[in-house]
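This briefing collects a few local features of one model. Please have the sequence and the 3D view open while reading.

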Amino acid sequence: MNQNPTKHTKVLIIGSGPAGYTAAVYAARAMLNPVLVHGMEPGGQLTTTTDVENYPGFAEVIQGPWLMDQMKEQAKAVGTEMIEDHISSVNLKSKPFEATGESGQKYTADSIIISTGAQARWLNLKSEQEYRGFGVSACATCDGFFFKEKTVAVVGGGNAAVEEAMFLTKFASKVKLIHRRNELRAEKMLQKKLMENKKIEIIWDTVIEDVIGDKDPKNVTGIKIKNVKSNKIDELKVDGLFIAIGHDPATNLFKDQVNMDKEGYLITKPDSTETNIPGVFAAGDVKDKIFRQAVTAAGMGCMAALEAEKYLSH
């Protein structure tokens, strides 16, 4: 066990990524000496994204891991203390707030910024993970651009899947939407738009069995699909596969303490990052299931730090 005494800070930032790092930059510049605790893989979802073309300020394509590295170094340079530890429990009823790391380290804080992010749900196929970033993606807004005049498949049946499929028709010549049931969960309005789109073909009652591709250069060439009613297996030629079966926010830690919606996203006040607990703020994908962009997460991180500063000054 860690023999360190309790570590106290005015601002404890839990989680990294664009939200956590930006919050750290602003909090550090406000002379609040923030402590940022990140897990084993700092940087969040962007560390699994290769080409980033939509982050403002870079005319050339940049790499997701590089961008996260730069943000981390910037936060450190202005005075953030970075700690690798996994926060395993929090007590937001006590004043100051308390958090405990798996290392055994105890942290106390006058304010907390939660930026633990979300993870895309995957199909959990070995081949899917192998081609992740090489034709398999969980973000059409990030990667759709790379499939101009190509054929792509989208798997899912909710709003996200329908929106991704529609978005991809801007680039792809053909989009195949694959759903395991015989009806979609998406809103009726969205479904109507989808059905009217000539570029989209829906493949019902079907699951994906495997992703097929070349090894050198590494890219997706097709998918193996199975009809759940007939058990018939087919191969589809596609250049890309988009997984749109939902995201899971990393919020288990805050259950029964911070208000969340039925999907587990933290709820904040309108035009604010403040949760139902004064002094506890949430930024990035942990509270945002609509935009989910690096730039919006960074913007919320800035808001959270400014709101924490204001809270602390009272």
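Is R292 buried, partly exposed or exposed? In this predicted model, R292 has a relative accessible area of 24%. Because buried requires under 20% and exposed requires over 50%, R292 counts as partly exposed.

**Positive phi values**

- R292 has a phi of about 50°, a positive value, although it is not a glycine.
- The place of R292 is the loop that runs between β19 (280-282) and α7 (294-313).
- N231, also a residue other than glycine, has a positive phi near 60°.
- The loop that holds N231 lies between β15 and β16 (233-237).

**Cis peptide bonds**

- The peptide bond between K95 and P96 is cis, with omega at about -10°.
- P96 sits in the loop between β6 (87-91) and β7 (97-101).
- D216 and P217 are likewise joined by a cis peptide bond, and its omega is about -5°.
- P217 belongs to the loop between β14 (206-215) and β15 (218-227).

**Helix pair α5 and α6**

- Helix α5 covers residues 159-168 and helix α6 covers residues 188-196; their axes come within 10 Å and cross at roughly 35°.
- The crossing of α5 with α6 is left-handed.
- On the α5 side, the contact is made by N159, V162, E163, A165 and M166.
- On the α6 side, L190, K193 and L194 make the contact.
- By type, the residues of this contact are five nonpolar, one polar and two charged.

- V175 is part of strand β12, which spans residues 174-178.
- Is V175 buried or exposed? Its relative accessible area is 0%, and the cut-off for buried is under 20%, so V175 is buried.
- Which residues does V175 touch, leaving aside those up to four places away in sequence? They are V152, V154, A165, L168, T169, K199, I200 and E201.
- One of these, V152, is 23 residues from V175 along the chain, and the C-alpha atoms of the two are separated by 5.1 Å.
- A165 links two topics: it is touched by V175, and it is one of the α5 residues that make the contact with α6.

Key: Residues are numbered from 1 along each chain as its sequence is written. This is a predicted model: local features need pLDDT of at least 70, side-chain atom pairs count only at pLDDT 80 or more; totals for chains, interfaces and linings use all residues. Side-chain values use heavy atoms; hydrogens and water are left out. Axes are lines fitted to C-alpha atoms, for helices over the stretch in contact, and angles run from 0 to 180 degrees between N-to-C directions. Helices (H or I, at least four residues) and strands (E, at least two) are DSSP runs, numbered from the N terminus. A crossing is left-handed if the near helix is turned anticlockwise from the far one by less than a right angle, and right-handed if clockwise. Contact means heavy atoms within 4.5 Å. Ala, Val, Leu, Ile, Met, Phe, Trp, Tyr, Cys and Pro count as nonpolar, Asp, Glu, Lys and Arg as charged, and the others, Gly among them, as polar. Buried means under 20% relative accessible area, exposed over 50%, partly exposed in between (1.4 Å probe, protein chains only).
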